[in-house]
Amino acid sequence: MKKQVGVIVIGFISLLALVVGKGDLMAEEKNNKTGFDISFHHIGISVANLDESIAWYRDMLGFEEVIRMDQGVTEDKMSIGHIRRGNCYIELFQVEGSKPLPEYRRDPNADFGVQGLKHFALQVSDVQAAVKELKAKGVEIAFGPVDTPGICFVFIRDNSGNAFELIEYREQ
């Protein structure tokens, strides 16, 4: 119950930030003192097997491969694949000899206790429908779904154990 409350609080904070932040975002754009524009481009995820992960994101979430960059000749022996669905890009990279995700980081709630990037979220129109479809495909649910009047969210795991959120915002 304690874990659920923590995630619900985070969800409400996210919703509040979305609602309140709309006006702040416009003000920020007007007061931007930098000489350049900025927009979100992609998230990078380390995976155990690049080919298997590209196939997982394609089959489970409808992403398509955009470009492959095999850098196996470099010292770090890294291969990279960029995938995309709509305007959402993910960079998947496989590094020879990389370590699997530690067990304590597999629980989204426990991972909040460790500093650093925690997760990313993909917005969907209906979390419950997405969960039903993904469960039928064998996707592992890490936490949730949590259904509130304003939002519904769930954390799922990819084939390498990385947890991320699917979130549905509802109009109040």
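**Exercise 1. Describe the overall fold of the chain.**

The protein chain has four helices and eight strands. Here helices (H or I, at least four residues) and strands (E, at least two) are DSSP runs, numbered from the N terminus. The model is a predicted one: local features need pLDDT of at least 70, side-chain atom pairs count only at pLDDT 80 or more, and totals for chains, interfaces and linings use all residues. Residues are numbered from 1 along each chain as its sequence is written, and side-chain values use heavy atoms, with hydrogens and water left out.

Step 1. Along the sequence, the elements follow the pattern α-β-α-β-β-β-α-β-α-β-β-β.

Step 2. Of the 172 residues in the protein chain, 34% are buried. Buried means under 20% relative accessible area, exposed over 50%, and partly exposed in between (1.4 Å probe, protein chains only).

Step 3. Take the contacts with a separation of 6 or more: 50% of them are between residues 24 or more positions apart. Contact means heavy atoms within 4.5 Å.

**Exercise 2. Work out the layout of the open sheet of four strands.**

Step 1. The strand order is β5-β8-β7-β6, and the pairing is mixed. Two strands pair if DSSP finds at least two bridges between them.

Step 2. Strands β5 (121-123) and β6 (140-147) stand at the edges; each has a single partner strand, so one side of each is left without a neighbour in the sheet.

Step 3. Ignoring direction, neighbouring strands of this sheet are turned by 20 degrees against each other on average. Axes are lines fitted to C-alpha atoms, for helices over the stretch in contact, and angles run from 0 to 180 degrees between N-to-C directions.

Step 4. Helix α2 (residues 50-61) packs on the sheet and touches β5, β7 and β8. The direction of α2 makes about 25 degrees with that of β8.

**Exercise 3. How many residues of strand β3 are buried, and how does β3 pair with β4?**

Step 1. Strand β3 (residues 78-85) has eight residues, six of them buried, so β3 is largely enclosed by the rest of the structure.

Step 2. Eight bridges hold the antiparallel pairing of β3 and β4. One example is Ile-80, which stands opposite Phe-93 in β4.

Step 3. The hairpin of β3 and β4 has two residues between the strands, and in this hairpin Gly-86 takes a positive phi near 60 degrees.

**Exercise 4. Describe the second largest pocket and its lining.**

Step 1. The second largest pocket holds about 510 Å³ of space. On a 1 Å grid over the protein atoms alone, points are taken where a 1.4 Å probe fits; a pocket is an open set with protein on both sides within 12 Å along at least five of seven lines, and lining residues have an atom within 4 Å of a point. Grid points are joined across faces, edges and corners, and a volume is the space filled by probe spheres set on the points.

Step 2. There are 23 lining residues, and the closest to the pocket centre are Ile-45, Ser-46, Leu-101, Arg-105 and Asn-162.

Step 3. The elements that give two or more residues to the lining are β1 (42-46) and α3 (108-111). Strand β1 gives the largest share, four residues.

Step 4. By class, the lining has 13 nonpolar, six polar and four charged residues. Nonpolar covers Ala, Val, Leu, Ile, Met, Phe, Trp, Tyr, Cys and Pro; charged covers Asp, Glu, Lys and Arg; the others, Gly among them, count as polar.
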